Amino acid sequence: MLIDSHCHLDRLKAAPDSASLQSIMDNAKAQGVDYLLCVNVRQQGFEAMRDKMTAFNNVFLSSGVHPLDVQEGLNIEDIERFAEDPRVVAIGETGLDYFYSNDTKTLQQQCFEQQIALAVEVNKPLIVHTRDAREDTINMLKAGHADKVGGVLHCFTENWEMAKAAIDLGFYISVSGIVTFKNAGELRSVIRQVPKDRLLVETDSPYLAPVPHRGQENQPAYVRDVAEFVAELRGEKFEELAQYTTDNFFNLFKDAAKLVGR
């Protein structure tokens, strides 16, 4: 069994309707992907995302606002209301991105702070996006007592020092198809060091398709390519990595575990 711990099924161009989305899900199932976490990035998009996923009982959801979407606004009461849905197992995707949007740094920090506080209040883990904001991300997680609920630094591309700081806060590190790219030597070094009980795999589809699918729209089936690459990188059997990353997912997202009776 594999779990795509982070994808955006509602953004797949190849799946504009239920029939095509079913085909995407069938492709994933054929590759051993039994569960998926469809991650919210825009407050205005949650309800449409939720409705599109209604037909799939193996898809979990999150509720949050991405740091690159904060200018559209954040009403924390709406995010909390969305989180009351039993399929919502996490708060996010939230975080900080100074690479693409340094000019909104203050607004990003305000929105991140609110979502950290909400996660602690509703006792759900955080899904964190971070780029070129290592110190601020860790400091804000500490200040907001995010260690009470934990979470994941998704699509990780930072250094070992940041990974270790997050792990010390009870967070997990999730690796995407970026690890398969030719220029990802430093990331591969980091992923070799992540403890087994703190590693997740993801696609972040429709973005960042792994080798050998680069240039294509990413899809959840390709999490197998990520997992196989990471297993070889770490000198582990694929079946072992698939098992412990699945266990890690349900250890982190406890509401998801309850939904499937684990």
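Arg-214 lies over the face of Phe-181, at 3.7 Å from the ring centre. A charge is taken to sit over a ring if NZ of Lys or CZ of Arg is within 6 Å of the ring centre and within 35 degrees of the ring normal. Lys-105 is placed over the face of Tyr-98 in this sense, 4.6 Å from the ring centre.

Before I continue, a word on the basis of these values. This is a predicted model, in which local features need pLDDT of at least 70 and side-chain atom pairs count only at pLDDT 80 or more, while totals for chains, interfaces and linings use all residues. Residues are numbered from 1 along each chain as its sequence is written, and side-chain values use heavy atoms, with hydrogens and water left out.

I turn to the aromatic pairs. A pair of aromatic rings is described by the distance of the centres and the angle of the planes. Rings of Phe, Tyr and Trp (its six-membered ring) pair if their centres lie within 6.5 Å; planes under 30 degrees apart count as stacked, over 60 as edge-to-face and the rest as tilted. How many aromatic pairs does the structure hold? There are eight. One of them joins Phe-60 and Phe-250 edge-to-face, with 6.4 Å from centre to centre and 85 degrees between the planes. Because Phe-60 lies in strand E3 (residues 59–63) and Phe-250 in helix H9 (residues 238–252), this pair ties together parts that are 190 residues apart in sequence. Helices (H or I, at least four residues) and strands (E, at least two) are DSSP runs, numbered from the N terminus.

Buried means under 20% relative accessible area, exposed over 50%, and partly exposed in between (1.4 Å probe, protein chains only).

Phe-99 and Tyr-100 also form a pair: their ring centres are 4.8 Å apart and their planes stand at 90 degrees, so the pair is edge-to-face. Here Phe-99 is partly exposed, with 42% relative accessibility, and Tyr-100 is exposed, with 57%.

Next, helix H5, which spans residues 134–143. Which of its residues are buried? They are Thr-137, Ile-138, Met-140 and Leu-141. These residues cover an arc of only 165 degrees around the axis, which puts them on the same side of H5; the arc is that of the directions from the helix axis to the C-beta atoms. On the other side of H5, Glu-135 and Ala-143 are exposed. The elements that cover the buried residues of H5 include strand E4 (88–97), helix H4 (105–122) and strand E5 (126–131). Strand E6 (151–153), helix H6 (160–168) and strand E7 (171–175) are also among them.

Asp-132, in the loop between E5 and H5, has a positive phi of about 55 degrees although it is not a glycine. Asp-132 is partly exposed, with a relative accessible area of 47%. Just after H5, His-145 takes a positive phi of about 60 degrees, and this residue is not a glycine either. His-145 belongs to the loop between H5 and E6 and is partly exposed, at 44%.

Two peptide bonds are cis. The bond from Gly-92 to Glu-93 has omega near 25 degrees, and Glu-93 is in strand E4. The bond from Ser-205 to Pro-206 has omega near 15 degrees; Pro-206 is in the loop between strand E8 (199–201) and helix H8 (223–234).

Finally, the annotated positions. Which residues does UniProt list for "binding site"? The unreviewed entry lists His-129 and His-154. UniProt positions are given in the numbering used here, feature names are shortened, and annotations may be inferred rather than shown by experiment. Although spread over 26 residues of sequence, the two cluster in space, with a largest C-alpha distance of 6.0 Å. His-129 lies in strand E5 and is buried, with a relative accessible area of 15%. Leaving aside neighbours within four places in sequence, His-129 is in contact (heavy atoms within 4.5 Å) with residues that include His-66, Pro-67, Glu-93, Asp-97 and His-154.
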